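Colleague: I would like to learn how to read a model like this one, feature by feature, and I would be glad if you gave the general idea before each case.

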Amino acid sequence: MAELGKFERKLPEDRRRTLIEATLACLAREGHAGLSIRKISKEAGISIGLINHHYSGKDELVGHAYETMSLALLENIETMVAAAGDDPRAKLSAYFRASLSAPVMERSTLRTWVVFWGMIEHSPAMKDVHDRTYAGYRRLLSALLKDFFASRGWPEPDVRLAAIGIVAMLDGLWLEWCLNPEIFTPDEAIGLCERWADVFLNASAPRATS
């Protein structure tokens with residue numbers, strides 16, 4: 001189960017959720033340059049004083065929003081993987097489908113994510129959130145790959161690099177679809193991932209000896 005890290009705040013759950021939703025809505029509408037604590041306060045109906053009591057500034061609040069959104073998406077993937085049954089290959093397929101379905105495959109998600117990515121280069125706090133949350137996606141993928149090879153009794157390749165490659169492929173397909181959803185469908189993107197996985201996984205199958 002995904003858990004919040006350093007940005008978890010001791011706000012009542014309903015207020016924390018309202019504040020994060022307001023921050024994400026303002027980011028999608030205003031971008032980072034047009035964002036302010038005052039605008040978030042108005043959107044959330046929470047006083048500026050209370051926000052300033054729990055956060056040192058706008059970037060820290062945005063970092064918390066990024067972490068919350070990223071971990072919520074990861075938790076959705078974990079839920080779909082867990083529902084896929086016991087077969088490791090089916091679990092990997094569930095990871096692909098969850099990564100290329102709503103709420104990931106929504107234009108509003110892209111608008112917000114682009115703002116987050118634009119902040120990473122200039123904000124150590126945002127870079128820290130990105131590194132920690134993306135590590136969670138890779139850890140889950142690595143575990144799924146390890147389970148697959150163990151279930152088959154096949155030699156295990158470098159699953160760390162494989163997980164990095166799969167995450168990059170998923171990010172690229174997601175970004176291309178969000179920029180122009182007319183180019184391919186989510187199901188076609190999932191099919192590409194399945195075919196890539198079959199080639200990669202079968203390459204590690206033991207070869208018959210004569």
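Colleague: Let us start with a single side chain: is His-130 buried or exposed?

Modeller: Burial is judged by relative accessible area, with buried meaning under 20%, exposed over 50% and partly exposed in between, using a 1.4 Å probe and protein chains only. His-130 has a relative accessible area of 18%, and is therefore buried. This is a predicted model, in which local features need pLDDT of at least 70 and side-chain atom pairs count only at pLDDT 80 or more, while totals for chains, interfaces and linings use all residues. Residues are numbered from 1 along each chain as its sequence is written, and side-chain values use heavy atoms, with hydrogens and water left out.

Colleague: Where does His-130 lie, and which residues is His-130 in contact with once its neighbours within four places in sequence are left aside?

Modeller: His-130 belongs to helix α7, residues 124–152, where helices (H or I, at least four residues) and strands (E, at least two) are DSSP runs numbered from the N terminus. A contact means heavy atoms within 4.5 Å, and, with neighbours up to four places away in sequence set aside, His-130 has contacts with Tyr-66, Trp-117 and Ile-120.

Colleague: How many helices and strands does the protein chain have?

Modeller: The protein chain has nine helices and zero strands, and its C-alpha atoms fill a box of roughly 75 × 40 × 30 Å along the principal axes. Of its 210 residues, 44% are buried, and among contacts between residues at least 6 apart in sequence, 69% join residues at least 24 apart.

Colleague: Which residues of α2 are buried?

Modeller: The general idea is that an α-helix has 3.6 residues a turn, so residues three or four places apart point the same way. In α2 the buried residues are Ile-37, Ile-40, Ser-41 and Ala-44. They lie on the same side of α2 because they cover an arc of only 105° around the axis, the arc being that of the directions from the helix axis to the C-beta atoms. Arg-38 and Lys-42, on the other side of α2, are exposed, whereas the cover over the buried residues includes α1, α3 and α4.

Colleague: What is the relative accessible area of Ser-41?

Modeller: Ser-41 is buried, with a relative accessible area of 11%. Leaving aside neighbours within four places in sequence, Ser-41 is in contact with Ile-46, Ser-47, Ile-48 and Ile-51. Ser-41 and Ala-22 are 19 residues apart in sequence, and their C-alpha atoms are 8.0 Å apart in space.

Colleague: At what angle do the axes of α4 and α5 cross?

Modeller: Two packed helices are described by the angle between their axes and the distance between the axes. The axes are lines fitted to C-alpha atoms, for helices over the stretch in contact, with angles running from 0 to 180 degrees between N-to-C directions. Here the axes of α4 and α5 (residues 88–99) come within 8 Å and cross at roughly 145°. Residues that meet there include Ile-77 and Met-80 in α4, and Ala-94 and Tyr-95 in α5.

Colleague: Which peptide bond is cis?

Modeller: A cis bond joins Ala-102 and Pro-103, with omega about 5°, and Pro-103 is in the loop between α5 and α6.

Colleague: Which residues does the UniProt annotation "DNA-binding region" cover?

Modeller: UniProt positions follow the numbering used here, feature names are shortened, and annotations may be inferred rather than shown by experiment. An unreviewed UniProt entry gives that annotation to residues 36–55, a span that is 75% helix and 0% strand, with end C-alpha atoms 13 Å apart. The feature "domain: HTH tetR-type", also from an unreviewed UniProt entry, is placed at residues 13–73.
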